[in-house]
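Please look through the chain below.

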Amino acid sequence: MSQMKPSSETLDESALKYHRVPRPGKLEIQPIKPLGTQRDLSLAYSPGVAAPCLEIAKDPTTALDYTARGNLVAVISNGTAVLGLGAIGALAGKPVMEGKAVLFKKFANIDVFDIEVEERDIERFCDVVAALEPTFGGINLEDIKGPDCFEIEDRLKARMKIPVFHDDQHGTAIIVGAAATNGLAIAGKKIEDVKIVCSGAGAAALACLNLLVSLGADRKNIWVCDIDGLVYEGRDAGMDRWKSVYAQPTDKRTLDEVIDGADMFLGLSVGGLLKPEMVARMADKPLVMALANPTPEIMPDVAREARPDAMICTGRSDFPNQVNNVLCFPYLFRGALDVGATAINEEMKRAAVRAIADLAKEEPSEVVAKAYGGETRTFGPDYLIPSPFDPRLILRIAPAVAKAAMDTGVAVRPIEDFDAYTDRLTRFVFKTGVLMKPLFAEAKSRRQRIVYAEGEDERVLRAAQIIQEEGLAEPILIGRPKVIESRAERYGLRLRPDTVEVINPEDDPRFRDYSDLYFSLVGRHGVTPDGARTTVRSNSTVIGALALKRGEADALICGLEGRFDDYLTHIQGIIGCAPGIDSFAALSILIGQTGTYFLVDTAVADDPSAEEIAEMTRLAARQVRRFGTTPKAALLSHSNFGSRDSASALKMRKAVEILWRTAPDLEVDGEMNGEDALSELVRGRSMPSGRLTGEANLLVFPNLDAANIAMTLLKEMTQSLHIGPLLLGAAQPAYIVSRSTTARGVVNMTAVASVEAASREAVAK
């Protein structure tokens with residue numbers, strides 16, 4: 001699957017700009033505790049900081065309770081083997097170390113200090129690193145030349161009581177181990193029987209071979225070649241104690257001589273070394289791992305032409321089966337740190353191998369499909385290992401590694417509740433976890449029938465399978481069964497039309513009833529009987545709304561493929577407003593680093609009246625409570641507690657007064673500006689006797705322009721996660737999602753819709 005690549009000049013220029021603009025580098029440090037008052041400063045530093053210092057002096061293990069050490073890793077290099085650039089020095093390697101740091105943070109929420117040490121003497125380098133032990137929970141050695149890296153790692157592991165891990169060695173080895181596990185299983189071979197031929201005898205190659213032996217490979221079946229030819233007994237040139245382990249008693253001297261009948265080729269050497277005729281002489285269903293970068297030992301298309309039955313891995317992202325260390329190292333450290341591991345041992349590495357191999361056999365996620373341009377890959381010769389973009393990696397690897405650390409006695413803080421631990425990791429993967437958890441629990445206990453207007457959409461199909469598996473609801477898909485089946489198969493899903501309820505718009509026995517009901521609702525609004533029949537045949541939102549109206553579903557979700565206003569028109573005409581409600585409104589939820597905020601009205605009313613604002617605030621507060629959150633409403637304006645008397649300020653002032661009368665249990669105040677809404681300290685200066693305490697979480701705007709602009713700007717500027725918009729005021733639960741909604745977003749909306757439907761059902765009973 002080759003892709004167009006930019007020229008090296010363009011890529012270099014882009015990379016330089018990326019690293020320079022808008023601020024140099026890729027990292028920053030931010031405080032995680034408040035520092036806004038003198039008391040905050042006295043707690044963070046002198047004199048308050050003395051208390052945790054004394055506790056740690058009494059019991060060093062409490063450093064994990066009072067400092068960031070338990071989530072802090074050092075990425076350390078001396079710059080002697082930076083990528084493919086060679087010994088360019090510690091300072092020149094700093095961009096790589098910063099890059100490694102951001103991967104740790106992005107994929108596993110681990111904080112990192114990158115440390116570049118300009119020292120090539122092994123003993124002195126080890127002294128520097130070992131002296132840093134009080135600062136860190138783990139050490140990730142990076143880009144250190146071989147064989148120095150072996151000696152350095154061995155010495156540091158012996159001296160330090162925290163994990164020391166050379167990722168260039170063991171990260172690569174773990175991914176290779178997972179690919180080999182699955183590749184050999186597909187070929188029907190046992191690892192103890194296979195012949196392995198390796199090109200390359202550097203740090204990564206030897207670590208891969210060592211782990212393969214740990215997984216069961218027989219040293220007698222391993223043949224290693226390097227720049228000086230075959231590693232054989234009696235050879236002197238270029239030998240060391242780590243390489244000598246694989247010396248074979250033989251008179252053969254070249255790769256070409258030992259490749260015959262090989263079940264696996266492992267290449268960590270130079271491009272173009274493995275020739276097609278060599279691949280042709282390998283055993284049946286050979287596993288070719290050509291990992292040299294940027295040019296592999298043999299290009300996949302060339303290897304496949306020589307041996308159509310070959311399974312091929314490379315280190316490149318533009319071919320299947322990319323062996324990429326990011327599949328492993330963040331999650332390995334996550335599991336090790338979370339149990340306070342004193343080392344990363346062989347059992348922990350094998351646990352990571354098994355977790356990665358098993359994940360490849362699971363159904364692919366939506367995130368993975370997007371990473372490959374919509375193409376869905378399933379377990380097989382072209383999908384031996386998961387995608388680096390798979391969000392489930394942390395959920396599989398970290399617990400497996402943590403458990404292995406506990407089982408082998410290197411965990412000083414064993415995990416007592418693995419379900420709770422996995423749940424915490426899940427909340428990191430899906431930032432909606434904390435907010436959505438109570439809704440998911442309630443939805444599972446009161447399963448509702450949810451009809452999806454865009455039942456043929458990939459996102460709905462993926463969501464429907466998750467919904468079925470988690471017991472979240474009973475999905476009803478509107479779509480053509482043949483299309484649903486073919487797309488589900490294409491996306492690697494088990495979902496089929498016979499495993500889920502389907503409303504076929506081309507052939508449903510209820511069509512006449514739907515058409516008659518639709519005409520009875522809109523016949524006096526310019527719609528003819530023929531027009532009604534045509535609309536019911538062609539508009540899936542109308543079908544879904546009619547199914548909801550007829551009681552054949554408990555809630556409707558639509559909006560993935562069109563304009564919000566068009567969907568709203570159909571819901572207004574068929575479902576209508578709830579009794580006592582005069583108009584619709586929309587609530588959006590933003591989940592960011594600083595908290596969760598509910599914004600209203602972001603999609604419906606252009607310029608609502610004071611009465612309408614009061615009504616939508618009450619409806620929004622009811623929805624906020626469904627999330628297990630106590631609403632604290634701020635009615636926003638450019639005016640701050642009467643400072644201006646513009647029309648919009650007077651409107652918001654009147655709306656507050658209405659709410660004080662009609663919703664006495666709601667904590668609400670206004671009109672106020674945004675700064676006062678989000679800071680009790682600032683608000684206290686303006687209105688010390690106000691009715692709002694703490695920080696507002698329900699933000700109510702004077703008109704649609706203000707609400708929508710604020711929501712979209714905040715979403716982009718803070719990279720917040722958006723849920724919604726949630727339609728408020730409908731007679732039955734009907735939600736219009738945005739076109740950018742993901743499959744996970746559909747699942748989240750399903751939980752919201754299910755809980756609302758169940759709540760209404762309970763009230764009705």
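**Salt bridges, rings and a sheet**

The side chains of Lys-58 and Glu-55 are joined by a salt bridge, 3.1 Å from N to O; the term stands for a side-chain nitrogen of Lys or Arg within 4 Å of a carboxyl oxygen of Asp or Glu. This is a predicted model, in which local features need pLDDT of at least 70 and side-chain atom pairs count only at pLDDT 80 or more, while totals for chains, interfaces and linings use all residues. Residues are numbered from 1 along each chain as its sequence is written, and side-chain values use heavy atoms, with hydrogens and water left out.

Both Lys-58 and Glu-55 belong to helix H3 (residues 50-58), where they are three residues apart, about one turn of the helix. Helices (H or I, at least four residues) and strands (E, at least two) are DSSP runs, numbered from the N terminus. Lys-58 is exposed, with 64% relative accessibility, whereas Glu-55 is partly exposed at 31%. Here buried means under 20% relative accessible area, exposed over 50%, and partly exposed in between, with a 1.4 Å probe and protein chains only.

The structure has 47 salt bridges. Among them is the one between Arg-23 and Glu-28, whose closest N and O atoms are 2.9 Å apart. Arg-23 is exposed, at 52% relative accessible area, and Glu-28 is partly exposed, at 45%. Arg-446 pairs with Glu-442 in a salt bridge with its closest N and O atoms 2.7 Å apart. Arg-446 is partly exposed at 29%, and Glu-442 is partly exposed at 27%. A network of salt bridges links Asp-226, Asp-228, Arg-235 and Lys-243.

How many aromatic pairs are there? The count is six, where rings of Phe, Tyr and Trp (its six-membered ring) pair if their centres lie within 6.5 Å, and planes under 30 degrees apart are stacked, over 60 edge-to-face and the rest tilted. Phe-104 and Phe-333 are edge-to-face because their ring planes stand at 80 degrees, with the centres 5.4 Å apart. This pair links distant parts of the chain, as Phe-104 lies in helix H5 (residues 94-108) and Phe-333 in helix H13 (residues 329-338), 229 residues apart. Phe-104 is buried, at 0% relative accessibility, and Phe-333 is buried at 0%. Phe-333 also forms an edge-to-face pair with Phe-165, at 5.8 Å centre to centre and 90 degrees between the planes. Phe-165 sits in strand S4 (residues 164-166), 168 residues from Phe-333. Phe-104, Phe-165, Phe-329 and Phe-333 make up one aromatic cluster.

Five strands form an open sheet in the order S13-S12-S11-S14-S21, with parallel pairing; two strands pair if DSSP finds at least two bridges between them. At the edges are strand S13 (501-503) and strand S21 (734-736), each pairing on one side only. From one strand to the next the twist averages 20 degrees; axes are lines fitted to C-alpha atoms, for helices over the stretch in contact, and angles run from 0 to 180 degrees between N-to-C directions. Strand S12 (residues 474-478) pairs with S13 over three bridges, and Leu-477 has Val-502 in S13 as its bridge partner.

As for confidence, pLDDT is the predictor's confidence in each residue, from 0 to 100. The chain has a mean pLDDT of 89, with 96% of its residues at 70 or more. Confidence is lowest in helix H15 (residues 366-371), with a mean of 58, and highest in helix H6 (residues 122-130), at 97.
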